[in-house]
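Good morning. Please look at the sequence and the model on the screen while I go through a few computed values.

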Amino acid sequence: RNAQLRGVEARVEVYEGALAGPVPQALAGKIDLLVSNPPYIKRVEIDSLSEEVRRHDPREALDGGADGLDFYRALAGLLPRWLVPGGAVAVEIGYDQGETVPEIFRRAGCRNCILHRDYNGHPRVVTAGWPGEERPGAGPPVPTPTDR
C-alpha cells in the first residue's frame, strides 16, 4: 500500500518471511533493503511485560533469546547471502540495545551503522549498509539531528 501511495509499486517487490525460513533462490543476493521488527526482548523479561503485550503478541515475536540479541547475530551472518552490494538493513531494537546492535552489524562487515532515536529520544532503529557499489538511494538514510 505504501508503494502504491508513493507511485513506486512498479519498482518495489515486497516479500514476507521468517529468518529461519530459506530465502527464495530468486532473491539470494538481490535484496536492496531488508526491514525487520524482530524479537528483541530478553527471555527472562517477557513475563514482566504488560498484559496487553503478552496477550496480543505471540511469544516467538518477543523472545530474542537470553540477551535479546539472537536475531541480530543470525541476521548479520545472513546479510552477505541476501543483500546486493550497496544494499541496506533496518531493524527495530530494544531500549538497551543502541550500542550493541550497531556493533554486531559492524563486526559482520556493514558500514554506516546508524542508531536512530524516536521522538522521545529513545534508541529505536538501527540502519546499516552492506559494502559495495554505491547507488543513488542505496544504503541507510542520512541521519537527522535526532539520530545518534
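Of the contacts in the protein with a separation of 6 or more, 62% are between residues 24 or more positions apart; a contact means heavy atoms within 4.5 Å. This is a predicted model, where local features need pLDDT of at least 70 and side-chain atom pairs count only at pLDDT 80 or more, while totals for chains, interfaces and linings use all residues. Residues are numbered from 1 along each chain as its sequence is written, and side-chain values use heavy atoms, with hydrogens and water left out.

How confident is the predictor? The average pLDDT, a confidence for each residue from 0 to 100, is 86 in this protein, and 86% of the residues score at least 70. Over residues 142–148 the pLDDT is below 50. That stretch has nine contacts in the model beyond near neighbours in sequence.

Next, the secondary structure. There are five helices and four strands, taken as DSSP runs (helices H or I, at least four residues; strands E, at least two). Their order along the sequence is α-β-α-α-α-β-α-β-β.

Now burial. The protein has 148 residues, and 37% of them are buried, meaning under 20% relative accessible area with a 1.4 Å probe, protein chains only. The protein exposes about 9,600 Å², by the Shrake-Rupley method with a 1.4 Å probe. Carbon and sulfur atoms supply 52% of that area.

That is all from me; the model stays on the screen.

Conventions. Buried < 20%, exposed > 50% of the residue type's maximum accessible area, 1.4 Å probe, protein only. pLDDT = per-residue confidence, 0-100.
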